[in-house]
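Here are a few exercises to work through with the model open. Try each task before you read its solution.

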Amino acid sequence: MDASLIPLLPGAQVLLTALVVMLLDLFIDEHERGLLAWISLLGLALCGAEAILLWGSSEGTFGDTLLLDNFALFFTQIFIAVAALTVLSSMRYVRETGIHEGEFYSLILFATTGMIVMAAANDLMVFFLGLETMSVAVYVLTGMWRSSARSSEAAMKYFLMGAFATGFLLYGIALIYGATGSTNLNQISAYLLEPQGQWPPYLFVGGLLLLVGFGFKVGAVPFHFWIPDVYEGAPTPVTGFMAVAVKAAAFAAWARILMHELSPLDSDWALPLRVLAIATMTIGNLLAISQPSVKRMLAYSSIAHAGYLLIGIVAGEEWGSTSLLFYLATYAPATFGAFAVITLLTEQDKPKEDYGHFAGLGFKRPFVAMAMSLFMLSLAGFPPLAGFTGKFHIFRSAIIAGHTDLAIIGVLNSLLSVIYYLRVIVMMYMNEGGVKGKSFIESPYLYTAVGLAAAATIYLGVLPMRTLEWSRSAFSSLF
Amino acid sequence: MEHNVLTYMIFIPLAGAVVVLLLPSQSYHLIRWVSAAVTVPPLLMASWLYANFDTTTVGFQFVQKAAWIPAYNIQYFVGVDGVSISMVLLTALLSFLCIFASFGIDKAVKGYFALFLLLDAGMMGVFCALDFFLFYIFWEVMLLPMYFLIGIWGGPRREYAAIKFFLYTLFGSVLMLLAILALYFNTNPHTFDMTVMMAQAKNYSTQSLPFWPFNELRWGFQHVVWMAMFIGFAIKIPAFPFHTWLPDAHVEAPTAISVILAGVLLKMGTYGILRINYPMLPVATADMAYWLLGALGAWNIIYGALCAMAQTDLKKLVAYSSVSHMGYVMLGMASFTTQGINGAVLQMFNHGTITAMLFLLVGVIYDRAHHRNIEGFGGLAAVMPVYTGITALAFFASMGLPGLSGFISEVLVLLGVWQKYPGLAILGATGVILTAGYLLWTVQRVYLGPTNEKYKTIPEIDGREIFTLVPLGAIVILVGVYPSVVLDLLRTSLDNLNQIIIPHLPS
């Protein structure tokens, strides 16, 4: 066994921070707990710096079960950025809602650790380990708002559904192990590349179960039923965290396992994936239209975006995967920002998340409303914002790979999505009433989070070159 | 010739929008005057462009090119030729005047002027962009402020009008995006450079596609792309049956926005067809022009005029008259004769100035009477003689009275069309009569006859309003008397466009 511990560094850094926060929580006074957020941010910043310094390395450890390459680092950056934004936007929120701070921040960090492991996992068992670390932490985060019945319900639902999905994944892993004799992705890939007569049929069953498990995790139709309830019930910053980071982590693992190492099986799941992508986009968008609550609408919109991301997986190859990574980077700030704005509307412990609560926001809080408009337009795919460049690359990769029909369906779907994204803007600018002035969570940190997300939305839309380059080198590090 | 004057023209308004956003929101005067100041440099630059434009060369002038997203061959590439320069002039002029026409806005002033300047930047960008990706981005950037300007500062049904406008246009731009991607993937090497696409026009397949309905229609790749682009542009023109957003948007929009909408945005439809469909898809253009540009244009003229005649709302009447007048542009474009196509682009310019006047004039009366019901006035000439005089000028220009600009372009269009399709020319000429009908009837009902008691003391048009109208009136007369001031700019480029299409015309 080789002894290099460097590949563990980013994950270990976050884990360490989590432990520090958790322990410190026991010893410091109630009014000093705000410090914990800063410690978390510091840890995340250090981890981000490490990820930048390690960029370009390609090193495996523990018998190649964990692989630190640009792919893992790219996702690590996304997770860290989202986790940091989550911490920033919850600083005031957790006080208002009476959520215990120390546990909240350390759970966010534990979940982030799990995600980092997922993105770096080169072994199905290690991947599973990361997945569980993340999932268990997020189950708890969902239910942390203990005085809210919805929150508890969401946690229960999420836990049951998640456990169910985990069963599928584990069973799939077992079958693949049975067929190939290994859980290591390199060895599985080597086995599949060997010329031989026939693969055992349960290999395909294993692959399909894996697919179902991933479908649950990213919320692809028809495995999406838990998403709206869980997203709605969870504390809003956690919802943002889930909608972006958890989804990105699932896609990271999906991309590494299914697109690269198991790519010899591509032709076998091309059809189910296509169906999944089309159904996810279309049904997500159609259901989002009829939602009365913005938070719920965003939950369905995140389903629809999973559908666009699936197009990237279907397209595969260099372009598909690059655009998948890039799309995740463009989707992140807009979705997170939107949830942050909903966080902002919370009044003490009463959530204000219906369309009606946005009425007149454009005149009461012009900059918040402007940021929200940016997020909505970016999600709808409006140039020159991030969402447009992301969609553009996804659809372009679909056409290159010969899936012109998917690109057309995708474009029509984004047209459909304009209906509900625009409704938020209509409410903010063209209606009167809504939330009274004093009922906003006035926290400079929350405003900072919103501002950063808005800046990223514009930056990725106007100057996408650097991030695209990163996505490409992240993808090519898989080979 | 490398030059960055166009870049300044696009980005000065954008920078101005940011500056306006940073001003204190209560200092209305400051915001108004800063916005007005921001639109001056583009206007001066446009005049400079006009003076320095070489009317003898075919190619693009004042071009500037820089790599933007090199991985996909996306460039920042701007330049003007004869087709676009007249539109750039029009945009710079109308933006400047409309800032003054917006001085009466008193709701969320800062937001209004910032969005207006953003809109200005988008419009300039559309007319200057020579990279398809850039073109699309400006096209969409322009859509948003328009949506807000109608939706926030509009009349009672503003939400409905704004959303209708937005969804129609967005539907068109999505089709356009697909067509852009299709062209991109059929250009070697893949690029969004419009000039390369024009040079490769013969490579875009015209082979009939093997499946229904394209095999019946004998449509090839080029025809399908043409159709997608055309629908996108037809919505903007707006051509029947995609015109229904226009009356709603115009009626609800504030005056200055109506002016921009009719004066500049509608031109983007026909401009796009000339810039993209003609040189890039010449075979399809030749095949489709008679029905989808010529016949549809003639139908637009008559249908728009008949609708205008039936209106009781003065603004809606002017809106439908736009539908009718844009028909002349389509008709002239379809003729592929020198007169026809020059007349068409001149009509774009003239319609821009004349309709701008009409909407400004409607705005003047609306600000005073707070309604626009044609039957609700009467005898205004006695109370507001100056106003009535200017209105008469605009109305006569609109109906094509000799000596005013509308006459020149309509006659050129009809002359050109007559050589090719006499039937359509007759229909077009009928439109002239209908136009005279509804405009004269309106003059009679609103300005002549006994003065309505309610408006005996209505104040005369004021200095600011006259200031916005006089430049336009002067241009209307100047172009009417000496059309070469505009036609000289257009001729070389348009003849070149004709030469591209003519070999492909079905004999």
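**Exercise 1.** Is T180(A) buried or exposed?

*Solution.* A quick note before we start: this is a predicted model, where local features need pLDDT of at least 70, side-chain atom pairs count only at pLDDT 80 or more, and totals for chains, interfaces and linings use all residues. Residues are numbered from 1 along each chain as its sequence is written, chains are lettered from A and ligands numbered from 1 in the order written, and side-chain values use heavy atoms, leaving out hydrogens and water.

Step 1: T180(A) has a relative accessible area of 13%. Buried means under 20% relative accessible area, with a 1.4 Å probe and protein chains only, so T180(A) counts as buried.

Step 2: look at who is around. T180(A) touches I188(A), Y191(A) and L203(A), leaving aside residues up to four places away in sequence; contact here means heavy atoms within 4.5 Å.

**Exercise 2.** Describe the interface of chain A and chain B.

*Solution.* Step 1: count residues. On chain A, 29 residues are in contact with 34 residues of chain B.

Step 1: get the area. About 3,000 Å² is buried between the two chains, and carbon and sulfur atoms give 85% of that. Buried area is the accessible area (1.4 Å probe) that two parts lose on being put together, summed over both.

Notes. Buried < 20%, exposed > 50% of the residue type's maximum accessible area, 1.4 Å probe, protein only.
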